[in-house]
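The structure is shown first, and the description follows.

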Amino acid sequence: MIQNFFKPTVRNLWRNKSFSIINIAGLAIGMSAAILILLWVQNELSTDRFYKNTSRLYVMYNRDRVAGEWQAWNFSSKMLAPALKQDYPEVDKAARFRDVTFLVTVGEKHLNAQGAFADSSFLDMFDLSLLKGNAAQSLNGSQDIVLTQKLAIKLFGNEDPMGKIVRIDSTENFIVTGVLRDLPANTSFDFEYLLPWAYTTKLGWFGDSWDFNSATTYVLLKEGASQARFDAGVKDIIIKHSKATTQVFTQPLSRMYLYAKDDNGRLVGGRIEIVQLFIVIAIFILLIACINFMNLSTAKSEVRAKEVGIRKVIGANKVSLIARFIGESIFVSFTAFIIALSLVQLCLKDFDQLVGKQLYIDYSNLYFWLFAIGFILFTGIIAGSYPAFYLSSFNPVKVFKGTFRHINALVTPRKVLVVLQFSFALILIISTIIVERQIKYAQGRDSGYNKDNLVFTFTQGDVPKNYDLIKHDLLSSGAVTAMTQSASPITRRWGGDWGFSWPGSTEEDKKIEFVPLGSDADFIKTIGVTLKEGRDIDVYKYPTDSTAVLLNESAVKAMRLKDPVGQIIRHEGDPDRHVIGVVKDFILESPYESKINPMMITGPLRFSQVIHLKLNPANTTADNLAKTEKVFKQYNPQYPFDYVFADESYARKFENEQRIGKLAALFAGLTIFISCLGLFGLATYVAANRRKEIGVRKVLGATVANITLLLSKDFIHLVLISIVIASPIAFIAMNRWLQAFSYRLQISWWVYIMAGLLAVIIALITVSFQAIRAATANPVRSLRSE
């Protein structure tokens, strides 16, 4: 029986080699694209969902009204975790977590590595796998350190690191008490070592204030504890311990990565929207490949019509014929799947670079093979269902009389399927163009400062105490033309301050959040912002500038100041500050947001963590950096000189959208290619089916152009219908996507014209190849039998 199935199936595929190749190639490309997308989707959906206690792990969020709008954030006071563990019986464990970068030293090896402070309960809560050490005890001591396997090898090679000394920030020695298996790709944590939270107390970091947000707080609720009841109990915990109006609530850890979009204080979306979009794209690419199979199978129906007629005459019923044709489709799907897996393995590294992930197929996983079987069956049944029902419905009497065909029907399932194919391809083409234009639109926006030759480096070790000497030597060397200290880089926001008052302010104004920056001198000269009024900060020329403030235009507007220069700004616990100037707004945060937040650039009241350097344009960049590194090494020999170019840091703000654009372009190209494969096959069939008609027309005087137009126009009509269908759908979808950006372009009508012309040209080239070939054929060969 099996032999009776496979022999005719293979024989039929071999007899129609060109159509079989097109069918299998289309399915294989569609399946490989869908597999790549689903690998990425699986990675996204599994992020932070693989822990043993995932269902009981929560992240603590704050919520408050800022500048008239509710905002939510997952940074809280270090006082929160101990209070939750002590006062709330629903809490099993609580842990604080804070990213940090320190110099890590072992012998002569010095590395700047990304680490984190964490409570001793952290490892146990998240059941992160320790290769060596005890999760419950590894962070109990104030001088304990846990290394990842990767960092342990960097520092100690093949030696056992347990009990060895690691020097942190060139000041403190820590004992290795654990080696952690390298973090999986589907976690939102990113660290190479863990330090005990107790060390922050020794450093004097993060005061004991409920108003100061210094850590991400995680809680593990007890079995059976209600999230809603717990949220109701902790809602006012900050209000009870301070004068703040901030509320507290929880977000399941399993939702934190995918649902991080803050909509008026509610976490309603985020990356999940992109995941859902690409699930839809994967389904449609697979359907387009299946549509190819349907079209080509039904197009070749007359070749198999007599086979169906004979089978029915000798007793085959409709159900058995449907089963046979679907079985053939599943066989083709299986063959295509094997090829698709090979394509995936070939493309996976490049796809990893594109999506910024480390994806892989776990062939040892039973679930993968169950998915593979389901995927093959799903594709085979979808692709083969319509041809199976269509072919099995043939009346044997009509088949043998040759009257079963309906060539000239205005609307046929085949035409509908071609329209669906190109409609989806056009939606992707239009989307790709709009995503690319939105990125360029934001990139073309004036940042408000000069990024050329601007670099920044982070203060470490002896840099703060030797800053004046470093500045003098750098300026004397000619490597830099200006430099300034700041509390954060010019391309990143590292927090916000509120609680300020000024003459004429109200109690509500204390909720206005200001983005903090800092400067000792030459901020305007170094960064290249525009001074609107007043002067720059210079603590060397004006010692009182330690309490000076530069406001941006948005701050002046929010504070309703008519004459800002000379105004006094007060903040509880700080000296009074005086406004000495106003700068034009510049982009510190997202270039996709039209609103620039109020900003205060203050004198060096706060701890300066960043130094900005304006490299001398008269020298080469390499020469400037070599001289700069030499000076830093002279005064800070234990630390490497690491730096970041401001223009590269700014460019990274566009990475996410660029990645989406590249993925959309890639899959739009694949969709067009698969659609054209099917179109090529249909054009080949039509040309072959109408060869006698073409011969007669040529004998009667028709030119090559006439015949090419005759064979092409039906397909072009279908593409034009696709344009009409796809354009409004693409407009609605992309208009919704653009709503996420307040600084966005207006969708131009020419985008649809360009996408439509592109689709028509591609379809015309695909069809014309076969049409011209048929038109130039010798009519004698096609009419020989007449």
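Leu-454 stands opposite Lys-614 in β23. In this predicted model, strand β14 (residues 454-458) and strand β23 (residues 610-615) are paired in the antiparallel sense over 5 bridges. Both strands belong to an open sheet of 4 strands, whose order is β15-β23-β14-β24 and whose pairing is antiparallel. The edges are taken by β15 (480-486) and β24 (644-645), each of which has a single partner strand, so one side of each is left without a neighbour in the sheet.

Helix α19, for its part, lies across β14, β15, β23 and β24, and runs at about 140° to β23.

These two helices also meet one another. The axes of α16 (residues 467-477) and α19 (residues 621-635) come within 10 Å and cross at roughly 155°. Because angles over 145 degrees count as roughly antiparallel, α16 is roughly antiparallel to α19. Their crossing is right-handed. On the α16 side, the contact involves Leu-469, Ile-470, Asp-473, Leu-474 and Ser-477, which meet Lys-627, Thr-628, Val-631, Phe-632, Gln-634 and Tyr-635 in α19. Sorted by class, this contact has 6 nonpolar, 3 polar and 2 charged residues.

A further helix pair is formed by α15 (residues 413-443) and α23 (residues 704-738), whose axes come within 7 Å and cross at roughly 40°. These helices are therefore oblique to each other, and α15 passes α23 in a right-handed crossing. The contact of α15 with α23 has 19 nonpolar, 5 polar and 1 charged residues. The axis values for the two helix pairs are set out below.

| Helix pair | Axes come within | Crossing angle |
|---|---|---|
| α16 and α19 | 10 Å | roughly 155° |
| α15 and α23 | 7 Å | roughly 40° |

The last topic is charge pairing. Side chains of opposite charge can pair when their charged atoms come close. Across the whole structure, a search finds 23 salt bridges. One of them joins Asp-124 and Lys-93, with the closest N and O atoms 3.6 Å apart. Since Asp-124 lies in helix α4 (residues 122-126) and Lys-93 in strand β3 (residues 91-106), the pair ties together parts that are 31 residues apart in sequence.

Note on methods. Residues numbered from 1 in each chain as written. Predicted model: local features only at pLDDT ≥ 70, side-chain atom pairs only at ≥ 80, totals over all residues. Heavy atoms only, no water. Axes fitted to C-alpha atoms, helices over the stretch in contact; angles between N-to-C directions. Parallel < 35°, antiparallel > 145°, perpendicular 65-115°, else oblique. Left-handed = near helix turned anticlockwise from the far one by under 90°. Contact = heavy atoms within 4.5 Å. Nonpolar A, V, L, I, M, F, W, Y, C, P; charged D, E, K, R; others polar. Pairing = 2+ DSSP bridges. Salt bridge = Lys/Arg side-chain N within 4 Å of Asp/Glu carboxyl O.
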